[in-house]
Amino acid sequence: MSRQVRQHTPSDEQVAALVHDAAAAPSMHNAQPWRFRYFRGTRTFELRADFERAMPHSDPETRGLHLGCGAALLNLRIAVVHEGWHPETRLLPDPTDRALLASVQLTGSAGDEGDLGALYPAIHQRHSSRYPFEETEIPETVREALGTAAQDEGADLSFPSSWHLQDVLELVQEAEARNITDPGSDQDLAQWTQTDAPSVNTADDGVPQYAFGPRKRGGRAPMRDFAGARQVAGRDAADFERNPQLALVSTVHDRPEDWLRAGQAMERVLLLATLRGLSSSFATQPFEWTDLRWPLRDPASGTGYQQLLLRLGYGPKGPRTPRRPVTEVLDIQP
Ligand SMILES: Cc1cc2nc3c(=O)[nH]c(=O)nc-3n(C[C@H](O)[C@H](O)[C@H](O)COP(=O)(O)O)c2cc1C
């Protein structure tokens, strides 16, 4: 819910608070591949890609990087609306500067973006949950609302079922099998996961061991094992869902602006899901292999480009994972 219409210039503390909200977004391996620049004079944020935080092996095209930055952009827009401004947003405003992903100018009142503010409480409640979920089906009305949330951001959400679900699960398995023997995936995983006590407690990026969830003993839910081949002391094993509820986000085209749209749609779906009492995680292994990405679509109806795979359900909430301090990702200009 928007608080009030703002016309004044926000203080630097308010600007930092907006970036704190934006940076709560999910990102591949929690690399947080973003930077924010704020121009006081024009009340404008620039969202920039931090390509040094790209995954050369798992995400060579930087599509996954754009998805995470899209999620941060949606959070920023929500936080701006929540504070009573309208976020005048442009994707890729300068074609000669590929790191400049979006600009967000704070203008008059929230206007037609007003209902975005209702998602604000979920920004800091949403965490990836790599625990088993219940078999309870998500009601059709909730699925429809999630689909509308994706459409509002220019993407499509579909819940594969029967043989299409089986195909998707097999593609995840195939990707996992390839990852086991792929030194590149191992390298990305090792760089962005922490299993030793000092770094688990101090790192402000990457996936800490306490967020890995239990090792999968049984069930059909697709779970990425962040431990890889490493043994993690004291880690339990568990049975996951037999009938996982997965959702594919897709777009009509496959350009950087579509990846940003898909990232915003993904976050809008995840935040609404959080408000509706759902937990969530991701399973994007097949997206890391070009030849496995195309067959993920539903051949009966799917013409779009699949961008990512979400797992939704009722179950334990995930733990909060670290974020870099705002001072490291925000630069304020006159
Ligand atoms: C593009 C993208 C791909 C991701 N792929 C996976 C995945 O395959 N498996 C997984 O468990 N988490 C995946 N994640 C979730 C991130 O690991 C997670 O967002 C990050 O560690 C931060 O944790 P949080 O979501 O709890 O804030 C992905 C996130 C994004 C944005």
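Mentor: Before we start, a polar contact here is a pair of N or O atoms within 3.5 Å; within protein, one of the two must be able to donate a hydrogen and the other to accept it, and residues adjacent in sequence count only if both atoms are side-chain atoms. The model is predicted, so local features need pLDDT of at least 70 and side-chain atom pairs count only at pLDDT 80 or more, whereas totals for chains, interfaces and linings use all residues. Residues are numbered from 1 along each chain as its sequence is written, and side-chain values use heavy atoms, with hydrogens and water left out.

Trainee: OK, which side chain does Asn30 join through a polar contact of 3.2 Å?

Mentor: That of Arg323. The Asn30 side chain also reaches the backbone oxygen of Gly206, at 2.9 Å.

Trainee: And where is Asn30 found?

Mentor: In the loop between helix H1 (12-22) and strand E1 (34-39), where helices (H or I, at least four residues) and strands (E, at least two) are DSSP runs numbered from the N terminus. Its phi is positive, about 55 degrees, although Asn30 is not a glycine.

Trainee: Is Asn30 buried or exposed?

Mentor: Buried, because its relative accessible area is 6%, and buried means under 20%, exposed over 50% and partly exposed in between (1.4 Å probe, protein chains only). Leaving out residues up to four places away in sequence, Asn30 touches Asp205, Gly206, Val207, Thr321, Pro322 and Arg323, a contact being heavy atoms within 4.5 Å.

Trainee: Switching to the ligand, how many residues surround it?

Mentor: There are 21, and the closest are Arg126, Ser128, Arg130, Thr284 and Arg323; a residue is near a molecule or strand if one of its heavy atoms lies within 4 Å of it. By class, the shell has eight nonpolar, nine polar and four charged residues, with Ala, Val, Leu, Ile, Met, Phe, Trp, Tyr, Cys and Pro counted as nonpolar, Asp, Glu, Lys and Arg as charged, and the others, Gly among them, as polar.

Trainee: How far is a polar side-chain atom of Arg323 from an oxygen atom of the ligand?

Mentor: The distance is 2.6 Å for Arg323, which is also the residue whose side chain joins that of Asn30. An oxygen atom of the ligand lies 2.8 Å from an N or O atom in the Arg126 side chain, and for the side chain of Thr321 the corresponding distance is 3.2 Å.

Trainee: What percentage of the ligand's accessible area does the protein cover?

Mentor: The protein covers 99% of the 620 Å² that the ligand has on its own; accessible areas come from the Shrake-Rupley method with a 1.4 Å probe, and for residues only the protein chains shown count as cover.

Trainee: What about Tyr131, where is that found?

Mentor: Tyr131 is in the loop between strand E4 (100-107) and helix H3 (140-152), and it counts as partly exposed because its relative accessibility is 29%. Beyond four places away in sequence, the residues it touches include Tyr210, Phe240 and Arg311.

Trainee: Last topic, how many helices and strands are in the protein chain?

Mentor: The protein chain has nine helices and 13 strands. Its radius of gyration is 19 Å, close to the 20 Å that the globule rule gives for 334 residues, so the chain is as compact as a globular protein of that length; the radius is taken over C-alpha atoms, and the rule is 2.2 Å times the number of residues to the power 0.38. Of the 334 residues, 56% count as buried.
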